[in-house]
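This report walks through one protein chain, topic by topic, with the sequence and the structure at hand. Please keep both in view while reading.

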Amino acid sequence: MLVDLNHRSGFVYGRAADAPPPLGARINTLLDDALVAERAGQRPRDYLGASRIGEPCARRLVYEVTHTPPDPGKEIEGRSLRIFAAGHVFEDLSIRWLRLAGFDLRTQTREGGQFGFETAGGRIRGHVDGVIVAGPEVGIAWPVLWEHKALKASSWSDTAKKGVRLSKPVYFGQMQIYMAYMGLGSALFTALNKDSCELYQEHVHFEPATAQELSDKAVAVLRAADAGELLPRIATRPDFYLCRFCPFSARCWGEPRLGNAPVERFSGERPEATA
């Protein structure tokens, strides 16, 4: 087996070192730059989104709520924005299929806006994918919350095997919060495999205790953000799997600790720009 010593170096065999990047790379760079610029021009959220409350690490949520810059090199990329946009397209397809099959799926209010809620003076908000108010006899009492996710094959398979609670706790928490504030007793979770278009459907019941725990967590995050404090890390080592993928990992583990106190102070100042 040959080892490519130039992996990710940008070098392409058979092309001169001073040759311009291939056409596709140049076009894709323009597309991604445009998407990133578009996102940068949007007004940042001034609230904690209910879709994020299920995030296991409360400290990460404090960073997000305070708009703390991610670690260098971990800024959101154009490719991720394309994935998000594609997810909306897949969601529209699933909506059409469900309606075609006789499910009365509502995705907008009579005024044309998205179904949702807000609490804590508007500092916690949620916008739901939809509500199924009626449908065929499938053993579910309507109405129910409808939540849709488009997943890559490996993630979809894990969800189908383990169920959303174990495989996707953030999504599970999202639905619990939505059901609590929308007054719904259960939810239909639809996951679409982006590679094969297989569909996984799961009936998720409302758990008041879980929803209350998540709501309390959200309040704690907002209070910590207001006080300029950091909540405890989810792990005791930076090589914990969630920390390795966190966009704030270097900042988080570089913060000075105040002894063994579970709550730490932090600076919300943006780092100085470097040339």
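C57 is buried, with a relative accessible area of 12%. The model discussed here is a predicted one, and within it C252 is likewise buried, at a relative accessible area of 9%.

## The chain as a whole

The chain contains nine helices and ten strands. It has 275 residues, of which 36% are buried. When the contacts in the chain with a separation of 6 or more are considered, 66% of them are between residues 24 or more positions apart.

In soluble globular proteins, nonpolar side chains tend to be buried together. The largest nonpolar core of this model has 38 residues, and those that touch the most other members are L48, I53, L145, M175, V204 and V221. Two or more residues each are given to this core by helix 2 (58-65), strand 6 (144-151), helix 6 (169-182), strand 7 (186-193), strand 8 (199-205) and helix 7 (208-227). Which element gives the largest share of this core? That element is helix 7, which contributes six residues.

## Two helices packed together

Two packed helices are described by the angle between their axes and the distance between the axes. For helix 1 (residues 23-40) and helix 3 (residues 78-100), the angle is about 75° and the axes are 8 Å apart. Helix 1 is therefore roughly perpendicular to helix 3.

Which residues make the contact between helix 1 and helix 3? On the side of helix 1 they are D32, L35, V36 and R39, while helix 3 brings G78, R79, L81 and R82. Sorted by kind, the residues of this contact of helix 1 with helix 3 are three nonpolar, one polar and four charged.

## Backbone details in the loops

The peptide bond that runs from W142 to P143 is cis, with omega near 5°. P143 itself is placed in the loop between strand 5 (130-134) and strand 6.

H67 is not a glycine, and yet its phi is positive, at about 55°; H67 sits in the loop between helix 2 and helix 3 and is partly exposed, with a relative accessible area of 34%. A120, which is not a glycine either, also has a positive phi of about 55°. The loop that holds A120 runs between strand 3 (116-119) and strand 4 (124-127), and at 40% relative accessibility A120 counts as partly exposed.

## Residues apart in sequence

W253 belongs to helix 9 (residues 249-254) and is partly exposed, with a relative accessible area of 24%. Although W253 and R237 are 16 residues apart in sequence, their C-alpha atoms are 8.7 Å apart in space. Once the neighbours within four places in sequence are set aside, W253 is in contact with R233, A235, T236, R237, P238 and C243.

Is R99 buried or exposed, or something in between? R99, whose place is in helix 3, is partly exposed, with a relative accessible area of 41%. Leaving out its neighbours within four places in sequence, R99 is in contact with L105, R106 and T107. The C-alpha atoms of R99 and I132 are separated by 9.6 Å, while along the chain these two are 33 residues apart.

Note on methods: Residues numbered from 1 in each chain as written. Predicted model: local features only at pLDDT ≥ 70, side-chain atom pairs only at ≥ 80, totals over all residues. Heavy atoms only, no water. Buried < 20%, exposed > 50% of the residue type's maximum accessible area, 1.4 Å probe, protein only. Core = buried A, V, L, I, M, F, W, Y, C linked by side-chain atoms within 4.5 Å. Helix = DSSP H or I, 4+ residues; strand = E, 2+ residues; numbered from the N terminus. Axes fitted to C-alpha atoms, helices over the stretch in contact; angles between N-to-C directions. Parallel < 35°, antiparallel > 145°, perpendicular 65-115°, else oblique. Contact = heavy atoms within 4.5 Å. Nonpolar A, V, L, I, M, F, W, Y, C, P; charged D, E, K, R; others polar.
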